[in-house]
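This report walks through one chain, from a single residue out to the whole fold. Please keep the sequence and the structure in view.

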Amino acid sequence: MSSKLQPVRGTHDILPDDFEKFRAVVNVARDLATLYGFREMATPIFEQTDVFSRSMGETSDVVSKEMFTFETRGGESVTLRPEFTAGMARAFISGGMQQNLPLKLFTTGAVFRYERPQKGRQRQFHQVNFEWLGDDSWMADAEMILLAGHLLSMLSDENITLHINTLGDTKSREKYRDALVSYLTPFAGELSEDSQRRLAQNPLRILDSKDAGDRKILENAPIMTDYLSEEAKQRFEKICVLLKSDMVQFVQKIVIDPALVRGLDYYTDTVFEFVANSGEL
């Protein structure tokens, strides 16, 4: 009997000893949020399904493969939140916060994605989340990246590398998408199954493919930075210049990574991630 009393696959208990560490991490993030001028709020753990599918894109992997969606007794389709931004945007609108822009908001809690459980990846996991609404300046992008680097430096002694790229503004992204599709179409039959689907639906996600055959094909693919508008190019250059001077206190090095993309449709301009030199973070 007791052997069956285990957490559902992809979830785990946070027992007292580990919970002290968990709480310490959240408290560091909360204190840093206050230091950077973010106010804390909370959203429900589930929303109407359209909140996520419309904002994140029907073709994104999260929406098409990973959402926990179910129908209520009243016939309403609801989804456990797979990330925070869509729910925060919904709260911003329904809460009538438009007159308070710009807004810096912090939230934390559990999120849910249906994917194969593995080391460092669970179906229920926890995030700290920072949103800066109403300020689309390059300086806001740079400060958010600095905040993330500052947080990681407070939580880990690892040597950390910042990988950064730009998806450009809307016009730049459309030009690059057309060029990438033109390049990849002759190789369509050689692409992995996922990449064949993405070629028609979300071709930029192919750049993030881990398939060896896809990686070989992508070696000579066009590069996003060659298709940036002058405005998008200047924005990215200003961010990189600032980070190279101010980020040195938090990371070991900065790498401009043309293959770095994100799978959600609302992403434009700057994208980034931090990688520990040990391969874990």
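Where is the place of His150? His150 sits in helix H5, which covers residues 138–155. Helices here are DSSP runs of H or I with at least four residues, strands are E runs of at least two, and both are numbered from the N terminus.

The model is predicted: local features need pLDDT of at least 70, side-chain atom pairs count only at pLDDT 80 or more, and totals for chains, interfaces and linings use all residues. Residues are numbered from 1 along each chain as its sequence is written, and side-chain values use heavy atoms, with hydrogens and water left out.

**Around His150**

Is His150 buried or exposed? His150 is buried, because its relative accessible area is 18%. Buried means under 20%, exposed means over 50%, and partly exposed lies in between (1.4 Å probe, protein chains only). Leaving aside neighbours within four places in sequence, His150 contacts Leu32, Leu35, Tyr36 and Phe250. A contact means heavy atoms within 4.5 Å.

**An open sheet**

Three strands form an open sheet in the order E1-E5-E6, with mixed pairing. Strands E1 and E6 stand at the edges with a single partner strand each, so one side of each has no neighbour in the sheet. Strands count as paired if DSSP finds at least two bridges between them. E1 and E5 run parallel over 2 bridges. Glu40 has Phe106 in E5 as its bridge partner.

| E1 | 39–40 |
| E5 | 103–112 |
| E6 | 124–133 |

**A cis bond**

Which residues does a cis peptide bond join? They are Leu101 and Pro102, with omega about -5 degrees. Pro102 lies in the loop between helix H4 (85–94) and E5.

**The whole chain**

The chain has 9 helices and 9 strands. Its C-alpha atoms fill a box of roughly 55 × 45 × 45 Å along the principal axes. The radius of gyration is 20 Å, which agrees with a compact globule because 281 residues would give a value near 19 Å. That radius is taken over C-alpha atoms, and the globule rule is 2.2 Å times the number of residues to the power 0.38.

Buried residues make up 41% of the 281. Among contacts between residues at least 6 apart in sequence, 74% join residues at least 24 apart. The chain exposes about 16100 Å², and carbon and sulfur atoms supply 51% of it. Those areas come from the Shrake-Rupley method with a 1.4 Å probe.
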